[in-house]
Amino acid sequence: MPGLYMLDYGAGNVRSLVNAINRLGHDIQYVSDPSDILKADKLIFPGVGAYGHAMEALHNKGYAAPLKEYLATGRPFMGICVGMQTLFEGSDESDASGLGVIPGITKKFNPATKAVPHMGWNGVQVLKESSSEQDVSYNLKDSSAYYFVHSYAVPYDSQKHKEWALTTTQYGDEIFVSSVQKGNVFATQFHPEKSGYAGLRVLNSFLTGKGVVDTNEVTLIKDPTVNSKDRFTKRIIACLDVRANDNGDLVVTKGDQYDVREKSADGQDDVRNLGKPVDLAKRYFDEGADEVTFLNITSFRNCPLGDTPMLEVLRRTSETVFVPLTIGGGIRDVVDPDGTVHPAFEVAGEYFRSGADKVSIGSDAVYAAEKYLAEGKDGKSAIETIAKAYGAQAVVISVDPRRVYVNDPSETTHHVVKASQPGPQGEQYCWYQCTVKGGREGRDLDVRQLVTACEALGAGEILLNCMDRDGTNSGYELELINDVKAAVDIPVIASSGAGNVGHFEEVFAKTNVEAALAAGIFHRHEVPIQAVKDHLTSVGVAVRVNET
Ligand code: 1PR
């Protein structure tokens with residue numbers, strides 16, 4: 001499409017958006033100079049990361065004034081996430097004032113009543129319809145779910161937002177503006193490029209739409225406060241542990257309690273091979289996974305940044321998978337063979353540019369937590385530097401704990417829980433020891449210490465594995481999950497041990513987690529993702545319906 005431009009200020013994953021636009025049959029050019037903005041016939045402004053960083057970049061690059069001018073011309077504009085927030089007057093997230101096109105201030109969700117960030121799939125309530133040819137609702141549907149990831153939102157105000165609010169969304173006890181439209185200015189708080197086929201339809205409507213000609217033909221059809229309800233769903237995540245096998249091919253593998261080698265009679269214990277990462281990720285997208293996570297499980301072996309094979313896996317996956325992608329393994333300072341040091345922040349940036357939405361940090365988070373507990377914050381950890389530029393929601397902490405049994409809580413200084421089953425010597429209690437290097441080394445740090453320290457450093461989500469449960473198909477470690485959930489306000493993903501659909505029901509009934517992850521049962525075709533979702537629906541747990 002000639003004249004279609006993207007305003008990118010260099011923060012985060014815009015590759016997925018470009019891939020989605022290409023997939024819909026359009027090419028897009030990047031704004032590289034302020035004067036390009038007024039050359040555009042259609043302009044997309046995806047915002048990722050922190051609001052202050054976005055406003056600063058708009059001003060520093062000289063984009064703010066031409067952007068306001070463009071918006072006043074009436075030509076089509078689409079903002080996404082922070083790209084929508086910048087249209088308002090300001091944000092509690094930073095002192096920087098917004099473009100002031102729409103009245104209202106972006107405010108932080110209240111973490112006392114729900115997990116913050118709001119991360120996952122939620123519904124919308126469409127407020128407008130049009131009698132003209134133009135679909136002012138941009139194909140947004142009350143029946144669909146869209147992918148949100150943000151800690152700040154604009155609380156809906158029926159007077160202030162009468163002209164602008166296109167949809168609202170309820171998260172817990174709060175109703176916020178989830179998309180806006182007036183004339184040809186359209187913006188969404190959610191990510192259409194990450195919202196599966198429902199999101200692609202919204203994007204397509206913007207790309208192919210003729211534009212609003214007569215604003216009088218648009219009518220407000222609903223008062224959102226009357227029928228609003230929280231339609232936030234529980235996420236089902238497929239996880240792919242990736243490593244090179246003995247032939248050097250990158251394969252998806254799966255361990256039993258982190259041991260990924262087959263036990264063969266001839267002693268040639270090969271790495272278990274369950275498929276190719278890109279193919280498997282596409283399969284899970286088609287089957288309705290709400291997110292896909294890749295863990296590079298041998299990343300503790302140093303690898304030059306440019307050669308990291310996971311970068312290519314991400315690039316190719318993001319061409320066909322339109323749900324959020326997380327990448328873990330090796331997010332830390334990396335040293336090239338020539339001695340060049342790449343800080344973790346740079347490593348993460350490379351992953352975001354290759355199509356990742358979140359990075360997951362394992363070993364380095366343990367070291368950062370130890371340092372934080374000993375010395376306090378220094379602003380230099382991978383968690384802090386990545387969260388500052390890309391937002392807390394982009395930083396996941398992958399926890400690899402194992403049980404350490406004790407007879408009595410007084411035997412350890414660590415935080416203990418009552419074990420659901422006694423230990424090998426009849427011990428009634430255990431604490432969860434953090435490990436590094438894929439479980440190879442235990443540290444003098446318990447999971448509570450780790451997750452609270454990481455939350456304080458700015459992490460946005462916890463991926464909670466359990467080495468004792470991994471690959472056992474015996475169900476999730478509920479006492480560990482409840483313990484972590486009670487300690488943090490950020491979302492928690494339960495991981496390790498899923499063996500049947502009942503285990504998903506159990507983890508959502510007995511804990512308050514936002515998401516459940518599984519690997520082995522999906523890879524081995526033992527339990528399809530759809531079967532998990534059908535079962536959860538039948539027992540009243542809200543999940544996203546997979547649209548095609
Ligand atoms: O330390 O930042 O380089 O990250 C390394 C990452 O690799 C960590 O996230 C760590 O969890 C992961 N990892 C390292 N070694 C292994 C291994 O298996 N040998 N995989 C490993 C961890 C655990 C889960 C698994 C669930 C669900 N895999 O992700 O997918 O337990 O399995 P299940 O449903 O089959 O029970 P760094």
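Trainee: Which residues of helix α6 are buried?

Mentor: A residue is buried if 20 or more other C-beta atoms lie within 10 Å of its own, exposed if 12 or fewer, and partly exposed in between, with C-beta atoms placed from the backbone. In α6, the buried residues are Gly 196, Ala 198, Gly 199, Val 202, Leu 203, Asn 204 and Phe 206. This is a predicted model, in which local features need pLDDT of at least 70, side-chain atom pairs count only at pLDDT 80 or more, and totals for chains, interfaces and linings use all residues. Residues are numbered from 1 along each chain as its sequence is written.

Trainee: Against which elements do the buried residues of α6 pack?

Mentor: Elements are DSSP runs numbered from the N terminus: helices (H or I, at least four residues) and strands (E, at least two). The buried residues of α6 pack against α1, β4, β10 and β14 (185-188). Contact requires C-beta atoms, placed from the backbone, within 7 Å of each other.

Trainee: Where is Cys 81, and is Cys 81 buried or exposed?

Mentor: Cys 81 belongs to strand β4, which runs over residues 77-81. Cys 81 counts as buried because 27 C-beta neighbours lie inside 10 Å. Leaving aside residues up to four places away in sequence, Cys 81 touches Pro 46, Gly 47, Val 48, His 150, Gln 189 and His 191. An unreviewed UniProt entry annotates Cys 81 as "binding site"; such annotations, given in the numbering used here with shortened feature names, may be inferred rather than shown by experiment.

Trainee: Which domains does the chain have, and how many residues of each are in contact?

Mentor: Domain bounds come from an automatic or database domain assignment. Here the assignment gives domain 1 (4-227) and domain 2 (235-399 + 460-538). Their centres, taken over C-alpha atoms, are separated by 29 Å. In the contact between them, 27 residues of domain 1 meet 26 residues of domain 2.

Trainee: Which elements of domain 1 give two or more residues to the side that touches domain 2?

Mentor: They are α1 (15-23), β7 (118-123), β10 (145-150) and α6 (196-208). Of these, α1 gives the most, with four residues.

Trainee: Which residues are closest to the ligand?

Mentor: A residue is near a molecule if its C-beta atom, placed from the backbone, lies within 6 Å of it. The ligand is surrounded by 33 residues, and the closest are Gly 362, Ser 363, Ser 398, Gly 438 and Gly 520. The elements that give two or more residues to this shell are β16 (235-244), β22 (358-361) and α11 (363-375).

Methods: Two residues are in contact if their C-beta atoms, placed from the backbone, lie within 7 Å.
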